Amino acid sequence: MFRPKALGGALTALATVAAGVFIAAAVSTTPASAAGTGTGYLHTNGSQIVDSTGATVRLTGINWFGMETDNKTFHGLWSSNPWRGQLDTMARLGYNTLRVPYSNDALKAGATATGINDFVNPDLIGLSPLQILDKVIDYAGSKGMRIILDRHRPTSAGQSPLWYTSTVSEATWINDWKMLAQRYAGNPTVIGADLHNEPHAEGTNPAATGACWGCGDTARDWRLAAERAGNAILGVQPNWLIFVEGVSCPSGGLSNVWDNDPSNDEDCGWWGGNLSKAGQFPVRLNVANRLVYSPHEYATSVYRQTWFDAPDYPANLPAIWDKYWGYLYKQNIAPIMMGEFGSTLADPKDKVWLEKLMAYTGTGVTGMSFTYWSWNPNSGDTGGIALDDWTNINTTKQAILQPYLIAPSGGGPTGGPTGGPTGGPTGGPTSAPPGACTATYRQVNAWQGGFQGELTVKNTGTAAVNPWTVTWSWPSGVTLGSGWNATVTQSGTTVTAAAPSHAPSLAAGASVTVGFTANGTASAPATVKLNGASC
């Protein structure tokens, strides 16, 4: 099958053109060190991603596209929301990783970034696409976020089934990756390379011309190409993770259903989503513990796959995911980082699909990693987390994703844009004894019979609290639905948020944001305490 992605590449840039030429820029080497994203460079251990200390890390991120289009830089820079404000919101919502699609056109000397509102983003005017990327990486790193670079297209004109085209050679593909690896060497905010986006079938079997897996043809075997590129990158930057997507059909060709020859027919999946042959034909890298498989998975808003109409839908979904890619995680072969998944949620089946998919990835820090498609509202087939103003958020989507998000350090309220179209009032800090804590509450959303909120507690003492525990009370009749960024439980009218195992300590001056959904009348937490001290 195919994945007909409409990325908004035809969208006309609505703002000022930023002229710029490539100049090698000094890049900050501030390391990302956060509960959500770990410390130092990352590597793998079986099905888990771990940091330099061996602590398990779960990447819960989002895609922000545009650098792969004619604009050659992030979309939404034409909006009234500054680029830093958009990153502030992503981090506050709990996205600890940013997947950045690009095309090789954006990397060329003399490439020009367009569609930038120079009044809102005056610091970007005159910068090249790579220089803008430098700034985004630097700021995201300061918030504890990680960056995955995604070679999305050979040119801004569109995607390709193979990793090379008649105008962009395999050598160009690999050399550009080596350039990026060198550019960000020593900066652990940038953690790895998603080698090529959505390799897929082309041509009708037996005359296949698209990307295959394990077929042995060096011109078409994506598994072999991933090894060549991955090892070239690791030769320059051995600390990077190598993210390898699947294909659509392992043969690299489309089935001819009219030839009555079942030998030419095979089970195909999403572009980039079929890793069914990776167990038999694994990607072999020269540096151990660097391989992460990265499938894509979509809903009916993108294409109506046969399984969406099966009589046992949605109970049939886990077995489908097991077959295509989940087995790699479940058999402890390699980590899974679902690089793209998304939906408009226009079809009721899609909401069920997204809820089932998130549950399948597992809860807590040991669950599968992911980067949601997308932040951008102008993704034609999925929409985004951001609404059309690039400031407010789609609270329906966010509420489904929220329990699975592990926020980066510093990802709490930052003074940037907050709330969605139905966002409630924001509470102010309550008074606290010196050396204790302050608490800030923000109602994120409300609906008939329930609400969503965020409680931020700051340790105002002079010493770390380890392990930390936050408690609060609710009126009778208000019950906990779900919680995140802590282990949240309720007994009577008292709610307890206990520190997660991967972030047990709350340093002096540091804050933690506990998110939750609840049933009943919207109510702010009362009598908030940090380890027994009143806030």
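**Figure 1. Lining of the largest cavity.** By class, the residues that line the largest cavity of this predicted model comprise five nonpolar, five polar and one charged. The lining is made up of Ser47, Gln48, Ile49, Val57, Arg58, Pro335, Ile336, Thr366, Gly367, Met368 and Ser369. The space in this largest cavity amounts to about 50 Å³, and a search of the whole structure returns one cavity of 30 Å³ or more. Rolling a probe the size of a water molecule over the atoms shows where empty space is left.

**Figure 2. The disulfide of Cys212 and Cys215.** A search of the whole structure finds three disulfides, and with bonded cysteines counted along the chain their pattern is 1-2, 3-4, 5-6. In this view Cys212 is joined to Cys215, with an S to S distance of 1.9 Å.

**Figure 3. The disulfide of Cys249 and Cys268.** The sulfur atoms of Cys249 and Cys268 are joined at an S to S distance of 2.1 Å. The link of Cys249 and Cys268 is right-handed, with 120° about the S-S bond. Both cysteines, Cys249 and Cys268, are placed in the loop between β12 (241-244) and β13 (291-293), and the pair, 19 residues apart, links distant parts of the chain. Cys249 has 0% relative accessibility and counts as buried, and Cys268 is also buried, with a relative accessible area of 11%.

**Figure 4. The disulfide of Cys437 and Cys535.** Cys437 and Cys535 form a disulfide with an S to S distance of 1.9 Å. The disulfide of Cys437 and Cys535 is left-handed, because the torsion about its S-S bond is about -105°. Since Cys437 belongs to strand β18 (residues 437-447) and Cys535 to the segment after β26 (533-534), the pair ties together parts that are 98 residues apart in sequence. Cys437 is buried at a relative accessible area of 0%, and Cys535 is buried at 14%.

Figure 5. Strand β24 (residues 511-519) is largely enclosed by the rest of the structure, because seven of its nine residues are buried. Strand β19 (residues 450-459) pairs with β24 in the antiparallel sense over nine bridges, and within β24 the residue opposite Val457 is Val512. Strand β21 (residues 479-484) also pairs with β24 in the antiparallel sense, over five bridges, and here Ser482 stands opposite Thr517 of β24. In a regular strand the side chains alternate between the two faces of the sheet.

**Figure 6. The open sheet of five strands.** The strands of this open sheet follow the order β22-β23-β20-β25-β26, with antiparallel pairing. Its edge strands are β22 (487-491) and β26, each of which pairs on one side only.

**Figure 7. The aromatic pair of Trp325 and Tyr360.** A pair of aromatic rings is described by the distance of the centres and the angle of the planes. The structure holds 26 aromatic pairs. In the pair shown here, the rings of Trp325 and Tyr360 have their centres 5.6 Å apart and their planes at 90°, and the pair is therefore edge-to-face. Trp325 is located in helix α5 (residues 317-330) and Tyr360 in helix α6 (residues 348-361), so that the pair links distant parts of the chain, 35 residues apart. Trp325 and Tyr360 are both buried.

**Figure 8. The aromatic pair of Phe451 and Trp474.** With ring centres 6.0 Å apart and planes at 80°, Phe451 and Trp474 form an edge-to-face pair. Because Phe451 lies in strand β19 and Trp474 in the loop between β20 (469-473) and β21, the pair ties together parts that are 23 residues apart in sequence. Phe451 and Trp474 are both buried.

**Figure 9. A cluster of aromatic rings.** Trp270, Tyr298, Trp307, Phe308, Tyr313 and Tyr324 are linked into a cluster by ring pairs.

Notes:
Residues are numbered from 1 along each chain as its sequence is written. This is a predicted model: local features need pLDDT of at least 70, side-chain atom pairs count only at pLDDT 80 or more; totals for chains, interfaces and linings use all residues. Side-chain values use heavy atoms; hydrogens and water are left out. On a 1 Å grid over the protein atoms alone, a cavity is a set of points where a 1.4 Å probe fits but cannot get out, and a pocket is an open set with protein on both sides within 12 Å along at least five of seven lines; lining residues have an atom within 4 Å of a point. Grid points are joined across faces, edges and corners, and a volume is the space filled by probe spheres set on the points. Ala, Val, Leu, Ile, Met, Phe, Trp, Tyr, Cys and Pro count as nonpolar, Asp, Glu, Lys and Arg as charged, and the others, Gly among them, as polar. A disulfide is a pair of cysteine sulfur atoms within 2.5 Å. Helices (H or I, at least four residues) and strands (E, at least two) are DSSP runs, numbered from the N terminus. Buried means under 20% relative accessible area, exposed over 50%, partly exposed in between (1.4 Å probe, protein chains only). Two strands pair if DSSP finds at least two bridges between them. Rings of Phe, Tyr and Trp (its six-membered ring) pair if their centres lie within 6.5 Å; planes under 30 degrees apart count as stacked, over 60 as edge-to-face and the rest as tilted.
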